[in-house]
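These are my notebook entries on two chains and the contact between them. I set down each look-up in the order in which I made it.

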Amino acid sequence: MARTLKDLMPGERAKVAKVEGRGAVRRRIMDMGLVPGVEVEVERYAPLGDPLEIKIKGYHLSLRLEEAAYVMVEEGGDNA
Amino acid sequence: MPKRFTLALAGNPNCGKTTIFNELTGSRQHVGNYPGVTVEKKEGFVSYKGYEIKVVDLPGTYSLTAYSPDEIVARDVIVEEKPDVVVNIVDASNLERNLYLTLQIKELEVPLVMAMNMADVAEASGLEIDYELLSRLLGVKIVRTVGTRGEGITELLEAAIEVVEGRSEREEKSFRFREEIEKEIEYLTRYLPGDEKEWIYPRRWTAIKLLESDKEVIRKIKAKLENSQEILSRLEESRQRIENMLNDDPEMAIIEGRYAFIRGAYREAVREKEIDRFSFTEAADKVLLNRVLGIPIFLGIMWLLFQFTFTLGAPFMEWIEEGFAWLGEYIGNNMNEGMLNSLLVDGIIAGVGGVIVFLPNILLLFLGISFLEGTGYMARAAFVMDKVMHRVGLHGKSFVPMLTGFGCNIPAIMATRTLENPKDRLVTILITPLMSCGARLPVYTLLIAAFFPKEVAGNVLFSLYLIGIILALLMAKVFRTFLFKGESEPFVMELPIYRLPTLKSVLIHMWERAWLYLRKAGTIILAISVIMWALLTFPMTDPYGNEWEDPAEQLVNSYAGRMGQAIEPVLEPIGFDWRTGIALIAGFAAKEVVVSTLGTIYSIGDVEALEEGEETAVKGFAQRAREQSGFTPLTAYVLMLFTLLYVPCMATLAVIKRETGTWKWPLFTVFYTVVLAWTVCFIAYQGGKIIGL
């Protein structure tokens, strides 16, 4: 089964494969740099379990689980 | 005559744009609103080398899409107001994502200068940027700046002037997308008019936006161009061809194209030295966002903010109140009695006092908020609280305004400025009045002391606050479901690095808020104060031209008094008579006025003693309320409920008007709170009677 950003554990790295969804949500996610090929690392989940914080292109970004579920990821987190 | 030109500042949120704006303009700035939207308009002036430069601070955005009002405003200002030069502020320590906006500004084909800001942070973290090379790759002049220390500001002005004077030799090289897309851009461009009078937007940009399915651009094309049908059907063809070839929709391919170009430029021009990358932010977040400690720390900081605002503000408010009372008395005693005296003392002086009295809270709260925002903690607060708030359709950042609402709704509603999304902001504004503010407390105190035994006083009071919170969350859900339907807004939020904001930035922000309040809301509050005064004062004599002997008689016969009597039939089902009606009408000025009005109506000679809760006065009040209006503990409780829920005070409404830019929302707030108050009170009163309370 294809994994999404939401399925990653804190500390885990992966590469963005595809961003699903549509309209404003998808656009916003991609505008923030979550484009195919980019490396992400899940840093932590909020104390209540949602949202989560990731590191991407050297900065910190938080998104809700429902948005993270749109981001398909693949193996290959180690610096390409 | 100095030569003039306009300079627009563009950049991502958190890139230090505001700091540079403040460095450039100092105190010569002006905050307003763009017409029709709740987007803030900031402008300032700077004189440099014989130039008088108007600096426009565009809203901080990550992109220039049609999905958010901020982004539409930013690009419309660039295209329609044609600044002579756009200065793009870029966070050097977060270069790749920041350059994404740069590329989009370049697409708009405007004279551009880049400020590589926070260069010190980038260098400290081991980034080595080849400015010359990057400048060549992007086709933009780059100036190194450190906004917080004022470094590079004059160089930035020099560079801007160079561009304006046309001395800059930079070739206007524009970056190209992959061939499949470039071909379609070219294809679409052919159908767009080249004449600026017909179509003001650059053609290449328009074609890109069309491929991105930009709703605003499509709307404008339909409205303005005769051949819009043809353009749109050509667009459909283009989209099809791209989708067939790339197996991706054009919008995504364009975003990827920009990021791919940036990636390439970044790799060439930036070297990441592998030094020991100790990051203060990451270390701090291990504690501040910790699974166990995160929430207690958050609550602690919120508690401090609340105390800072209201406990520290209390003595100042008292001095202001006393000062205006003294002034009123002084003028009142040194003037002939009569209407003018009353207008001046009870209308205008009391009104101005009523405006200024909120200033300490506003100043302190915004001092706190701009500090928390400047450091970067505010985004963390939203991160910690979002799950709870999101459940009822609010945003993590709605927490601060709601909490502040317990002190005073006025600064609370102003604090919704921290919410970027207009829908989130509006819902938060609408429910904040349900947070039981400090001015409602005197009403509770009096009624509880008069009708409830000491043992249950605490519980009664607590229940009111709780009901306020529950109804606020409920209404948030209702508004979200029925009023603001449609796609839910994404919560894709940057957690900026921690840093110490400059004192100058914090103070300017604080002052800006206070000034906006005084200028925009203050005038409305003063006007309504005078109207309220007139309603409570006229007619000054009985039908035979004699002055009223008894203040109670005067009040009952005033216009406000008559209004109170007129609404009695509506109030009857919730257990109130016309006396309470009058108090509720008067309470629109400020909720604590309910107490003094009741005191006057029941002819409690010493209203001040009642306000201070002196036992004999309270007992007298309880007895008369029971005898004349049939008050029971149930009626008293329902009156507290009504006071909690019904119309926010006029100052709050003035601030809602100021923050939303239209009378629609304050009027809606009046409507919904009255309906809600009546419904809840009806259920409470009739239910209470049934179970025999």
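How much area do chain B and chain A bury between them? I noted first that the model is predicted. I then found that the two chains bury about 3,700 Å² between them, with 58% of it on carbon and sulfur atoms.

Entry on the residues in contact. I looked up who takes part and found 45 residues from chain B and 36 residues from chain A.

I found 6 salt bridges between chain B and chain A. For one salt bridge I wrote down the partners: the side chains of Glu282(B) and Lys55(A) meet at 2.7 Å, N to O.

Which elements of chain B give two or more residues to the side that touches chain A? I listed helix 3 (95-107), helix 11 (250-269), helix 12, helix 13 (294-311), helix 17 (377-391) and strand 10 (492-494). Helix 11 of chain B gives the most to that side, with 7 residues.

Entry on a surface patch. I found that Val287(B), Val292(B) and Leu293(B) make a nonpolar surface patch of about 270 Å². I placed Val287(B) in helix 12 of chain B, residues 280-288. Is Val287(B) buried or partly exposed? I recorded Val287(B) as partly exposed, because its relative accessible area is 42%, between the limits of 20% and 50%.

Note on methods
Residues are numbered from 1 along each chain as its sequence is written. Chains are lettered from A and ligands numbered from 1 in the order in which they are written. This is a predicted model: local features need pLDDT of at least 70, side-chain atom pairs count only at pLDDT 80 or more; totals for chains, interfaces and linings use all residues. Side-chain values use heavy atoms; hydrogens and water are left out. Patches are made of residues with over 30% relative accessible area and no salt bridge: like charges are joined within 9 Å, nonpolar side chains (Val, Leu, Ile, Met, Phe, Trp, Tyr) within 5 Å. Accessible areas come from the Shrake-Rupley method with a 1.4 Å probe; for residues, only the protein chains shown count as cover. A salt bridge is a side-chain nitrogen of Lys or Arg within 4 Å of a carboxyl oxygen of Asp or Glu. Helices (H or I, at least four residues) and strands (E, at least two) are DSSP runs, numbered from the N terminus. Buried means under 20% relative accessible area, exposed over 50%, partly exposed in between (1.4 Å probe, protein chains only). Contact means heavy atoms within 4.5 Å. Buried area is the accessible area (1.4 Å probe) that two parts lose on being put together, summed over both.
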